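Subject: Structure handover

Hello,

Here is the structure we talked about. Please open it alongside these notes.

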Amino acid sequence: MKLLTMKFGGTSVGSPKAISQVADIVEDDLEAGNRVIVVVSAMSGVTDSLIDAARKAAAGNKWGYLSTSETLRERHADVLKQLVPEGDDHDRTLAQVNALVDDFVNLCNAINILGELTPRILDSIVAFGERLSSRVIAAVMRARGIQARQYDAGQFVITDDRYQAANLQWEETVSNVQSRLLPALEEGIVPVLTGFIGQTRDGVITTLGRGGSDYSGAIFAAASDSDELIIWTDVDGVMTTDPRIDKRARVLPYVSYHEVGELAFYGAKVLHPKTVQPILDKRIPLRVRNTFNPTFEGTLIGPDSAPSATVIKAVTAVRNVGLLTVSGRGMIGVPGIAGRAFLTTAKAGANILMISQASSEQSFCFVVMDDKSRAVKQALEQEFEQEIEQRNIDQIDLLDEVIIITVVGSGMRGTPGIAGKVFTVMGQNNINVIAIAQGASECSISFVVEEAHLERAVIALHELALQTVEMA
Ligand code: ADP
Ligand code: ASP
Ligand code: MG
């Protein structure tokens, strides 16, 4: 008997038909004698619509959020109507759905009156998506005779109060899972938990960042000592590139934790970048599988680096970033400039995605997400006011409309000439490379190019990746 944690994404729970498929998958594993913890996302599109509704509320558009509330009500009621027979459980769950939607409207009314949307309130708003989906999914499972019980994950997952991207408090979370969730499993209950959501010690709802249900799945898998974590999604596994950019993308049978960490960090939406963190130490195997093609094995992700001859495994791109450059001849030999720049960036609330410095010490550059790049530039100009005045630093430049392209593969380590091949391909395609960085682990190479080149760059490099896949 195995303990499996399964996370189902938005599309996988996006319609009555999909939810029925989810119930089939869970049922099959229970029949095989396994125990299952289920973690679910909001129904597809719901999180976006909640954010949009909250913004409309703050802007005074009452009709906007009322219409969202009606759509929410209908979509969740429809799942119950189609998959849960008339009776007590149907009525009770429908009443819960209606009560939650009413709470959502009340909260939007408050936002509307105040004319202001704080990060804290926004987290409470987006959490409605998972709170609704988990309730109807648990009811669907019960209608099949599965002993499913819905839980809001906040009672287990404790975080700090960094709203929208809360940090996990691991010890408390593990202790909550062990003391309260495991006993329920022992009784034969199948917990159906909200992904994406946590809670501060004071009981305020937080969220783990967009796409964070994958991370929730990993948190529950690790805290419960599951034998396996399965991320059920809408593609066959982790692929050589985003199939929406290049249709030739192929499923990778095996990827290491390290590789998938790089892939996710550098834009592969299929997994949240933090997903591997909780399961890394315990070496819990992770599988990415397709809810709509459940007989296919998907991608296995584990601790070993690939033993095969694959060199470049995958190509990813991060959009909406800005490249900041700090330059000036007076910087040579002056210690601490980079340190101060990175500290200032952190204080401005921005994460650094990539750093590059030329050997001359006359300049260095780094990449942050677009929504923070202007604030970072201003903060840097303030921090280095004196240096700029004294001409030790010439200026702080911000280049918008750029992207990061990353090629990933642990086989690149010790395989000479890969970087050469990558940049030759860029040259052949007339794509100017603005900045380059390679991690010390040599598991990935990242570089910055103009946004307009995204598709051409990804497709050309993917060609190279496909060739190396064929070598395996
Ligand atoms: P879910 O709702 O199940 O979490 P997401 O939409 O968050 O699903 O992630 C799955 C999507 O990620 C796929 O539909 C695919 O378009 C996209 N994607 C981007 N890069 C990759 C990749 N390298 N491999 C697989 N899918 C990718
Ligand atoms: N529903 C959340 C989102 O859309 C979390 C997730 O689906 O992973 O970002
Ligand atoms: Mg996702």
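Which atom of ligand 1 is 3.0 Å from an N or O atom in the side chain of R244? It is an oxygen atom of ligand 1.

Some ground rules. This is a predicted model, with local features needing pLDDT of at least 70 and side-chain atom pairs pLDDT 80 or more, while totals for chains, interfaces and linings use all residues. Residues are numbered from 1 along each chain as its sequence is written, chains are lettered from A and ligands numbered from 1 in the order written, and side-chain values use heavy atoms, without hydrogens and water.

Ligand site

The side chain of D234 places an N or O atom 2.8 Å from an oxygen atom of ligand 1. For G10, a backbone N or O atom is 3.0 Å from a ligand 1 oxygen. The protein covers 90% of the 570 Å² of accessible area that ligand 1 has on its own (Shrake-Rupley method, 1.4 Å probe).

Sheet

Strand 1 (residues 3–8) and strand 7 (residues 228–233) pair in the parallel sense over five bridges. L4 has E228 in strand 7 as its bridge partner.

Best wishes

Methods:
A polar contact is a pair of N or O atoms within 3.5 Å; within protein, one must be able to donate a hydrogen and the other to accept it, and residues adjacent in sequence count only if both atoms are side-chain atoms. Two strands pair if DSSP finds at least two bridges between them. Helices (H or I, at least four residues) and strands (E, at least two) are DSSP runs, numbered from the N terminus.
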